[in-house]
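Me: I have a model to go through. Can we take it in short questions?

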Amino acid sequence: VPVYILHDAVFPVVSNKNPALAGLLKKGVKKQTWISIYITGLVTAWDEVIGQNINKNLHVYTRSDSCGAAQSWAAYLGKKQEDLKGVGIYADPGILEAAKRDPVGLGYSNFSYVFTLQGSVVEGARLVPIDSNENGIVDSDEVYETRETAIKAIRAGRYPATRRNYFFVKGKPKGLVKEFIEFVLSEEGTRIVDEAGTSLSLTREQREKALESIR
């Protein structure tokens, strides 16, 4: 029995010294271009991403370990983690650091790693806007410079590369297991999740619906 308890999102990230940054922040990147970078490997230079002549190759980084971030990013592109191309880097901190240090690098990382608890994007990194509506420009609701704006977009369903996290129970939960799940989805449990900041808590309506599913 799956019990929906949290949600998360994955963000593409580059160095704040990336020579294509101005173009990325102006145009964003369409889904098909992401597919051409991470799945087919047809896009290998930043010129092809932003349509400007900067004469710089594109260094693609992906996760070497099996993880939710890679699976979520691949799912957004219609594939599985095993289909992602790029140099394999272990864990969220590793791939984020690789993208930050390499001026022509590109990686992706979970919400809780690209934003600080104080609310800003981590130092040295910039998030690449996803051109969700495919209009060729970055709209204001496609730019997430703060943790708060990203949370609002994720909860509203506007951000495309998201995932749900679950507890899985053998049969309907009862006894101590049920009590624990009820605590996790309580106001106190939600406060702890928000304080830790490693995943996104559910709204009250979502928590009530999840609780109803185990009663």
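This is a predicted model: local features need pLDDT of at least 70, side-chain atom pairs count only at pLDDT 80 or more; totals for chains, interfaces and linings use all residues.

Reply: Residues are numbered from 1 along each chain as its sequence is written, and side-chain values use heavy atoms, with hydrogens and water left out.

Me: Is Arg-163 buried or exposed?

Reply: Buried means under 20% relative accessible area, exposed over 50%, partly exposed in between (1.4 Å probe, protein chains only). Arg-163 has 18% relative accessibility, so the residue counts as buried.

Me: Which side chain has a polar contact of 3.5 Å with that of Arg-163?

Reply: A polar contact is a pair of N or O atoms within 3.5 Å; within protein, one must be able to donate a hydrogen and the other to accept it, and residues adjacent in sequence count only if both atoms are side-chain atoms. The side chain of Arg-163 also has a polar atom 3.4 Å from the backbone oxygen of Gly-68. At 3.5 Å, the side-chain partner is Asn-165.

Me: How far apart in space are Tyr-4 and Lys-209, C-alpha to C-alpha?

Reply: Tyr-4 is buried, because its relative accessibility is 12%. In sequence, Tyr-4 and Lys-209 are 205 residues apart. Their C-alpha to C-alpha distance in space is 9.1 Å.

Me: How many charged residues are in the lining of the largest cavity?

Reply: Asp, Glu, Lys and Arg count as charged; Ala, Val, Leu, Ile, Met, Phe, Trp, Tyr, Cys and Pro as nonpolar; the others, Gly among them, as polar. The lining has eleven nonpolar residues and no polar ones, and the charged residues number three.
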